[in-house]
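Please read the report below alongside the sequence and the model. It moves from the overall fold to a few local features.

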Amino acid sequence: MKSGNPWNSAQKSQSFSFPSFQNDSKKKAEFNHPLFPIAVFIMGIVSCYTTALGLEPMLDNLVLSYAMAIALSIFMVAIALQFPKSYQNKTQGRLIVGYSMVAIFSVLLNFNAIYGIFSSEKLLYEELKENKSRLTALAVKSKEALDQHFQAQKVKEELDQAMGLLEEERTNPYDTGYGQKARRINQEAVIPLKAKWANIQSKFNPSIRKIDSLTTHAHTVIDEALASQNFKEYKNAVDVSIDAYTQVGDLTSSMIDDGSFSYEPITFQHRDVGNLNHSLWTLGHLGEMEGRQVSAVLVSLLLAVLIDFIVLFVLILLHKPGAETKKEEKEETSGRVTFKDKPGAIQVETSPTNSIYAFRKNPQGQ
């Protein structure tokens, strides 16, 4: 009878060895690289700044804007720093959803800051230049319409002509002074035309002076605002130009009561520039914009997304299990894991009956 050593395994015995944690430690070290938290904090600071800029025009309070921006950034940084542990605990899905919900709101504010605020000067500048041109054109149109309505130029020419005839007759060497012909010219032409011209002047001249005053004042405000290159001065100048334009049009319409004069009102197109509603409105009207403006909108949107979501993209890529990791997990779940012999590894051999002893084929030892 052969004496069997219970610790010697037969060929049919099953081999099992405890896993070495060297690979896990290596992966954990990669996930916890000190540069990753630093990068997350830096992107959090950038996001906080752009978010605060996007909030400030709406809240009109710098302290409150930064308080909300800091809170949002802390949420995202805290969630991002939990990604290494979440992948070990298989809870990364909830973190990705939570991070995305906070980041989407932050992206909108980032876009509002990058496009809305930084492009507001250009948008208001162009609107001011356009309003100035429109006001000048309307003033010219109003003067022409008033002149045609009151026939001011025609009456003035007729009066000048009558005055010339009267002066010619008065200085006639053959009949000097106010003779019969001169008195007839004066009574039939000069006096009626003077009365008509005086009546026209009482209405026409004040209107023209008012139009000139409104136009000159608006042009002065616009020019000063354009020279100052100040956001608030731009907005004030746009309001002044629109008010002047509307007053000139209304004044002319009230003087010309036959309905022959009309004008197209203008509005403050970019009054809400810098606010989130204006930025979102811009996204919905890309088809109405020029190529350069569309490019500016798309680049601003891309930067707004990258500021908050680049951290999420990088963390997902770094922590996504590779092919080897998936293979090892599959082998572990199948109940058989093979490990290479390494110094210090603990080997435990078991029989098919899960006993630590190995039994011979022949129970009688034959």
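## Basis of the description

This is a predicted model, in which local features need pLDDT of at least 70 and side-chain atom pairs count only at pLDDT 80 or more, while totals for chains, interfaces and linings use all residues. Residues are numbered from 1 along each chain as its sequence is written, and side-chain values use heavy atoms, with hydrogens and water left out.

## Overall architecture

The protein chain contains twelve helices and two strands, where helices (H or I, at least four residues) and strands (E, at least two) are DSSP runs numbered from the N terminus. Read from the N terminus, the order of elements is β-α-α-α-α-α-α-α-α-α-α-α-α-β.

Of the 366 residues in the protein chain, 33% are buried; buried means under 20% relative accessible area, exposed over 50% and partly exposed in between, with a 1.4 Å probe and protein chains only. Among contacts (heavy atoms within 4.5 Å) with a separation of 6 or more, 77% join residues 24 or more positions apart.

## Packing of α6 and α8

Helix α6 (residues 120-150) packs with helix α8 (residues 180-228) at an angle of about 170°, and their axes are 10 Å apart; axes are lines fitted to C-alpha atoms, for helices over the stretch in contact, and angles run from 0 to 180 degrees between N-to-C directions. The two helices, α6 and α8, are therefore roughly antiparallel, a term for angles over 145 degrees. The residues of the contact of α6 with α8 comprise 14 nonpolar, five polar and seven charged ones, with Ala, Val, Leu, Ile, Met, Phe, Trp, Tyr, Cys and Pro counted as nonpolar, Asp, Glu, Lys and Arg as charged, and the others, Gly among them, as polar.

## Aromatic rings

The whole structure holds six aromatic pairs, that is, rings of Phe, Tyr and Trp (its six-membered ring) with centres within 6.5 Å. In one of them, phenylalanine 111 and tyrosine 115 are stacked, at 5.6 Å centre to centre and 5° between the planes, stacked being planes under 30 degrees apart. Both residues lie in helix α5 (residues 92-117), four residues apart, about one turn of the helix, and both phenylalanine 111 and tyrosine 115 are buried. Tyr99, Phe309 and Phe313 form one aromatic cluster.

## Two residues with positive phi

Most residues other than glycine have a negative phi. Lysine 90, in the loop between α4 (83-89) and α5, has a positive phi of about 60° and is exposed, with a relative accessible area of 56%.

Note on methods. Rings of Phe, Tyr and Trp (its six-membered ring) pair if their centres lie within 6.5 Å; planes under 30 degrees apart count as stacked, over 60 as edge-to-face and the rest as tilted. Angles under 35 degrees count as roughly parallel, over 145 as roughly antiparallel, 65 to 115 as roughly perpendicular and the rest as oblique.
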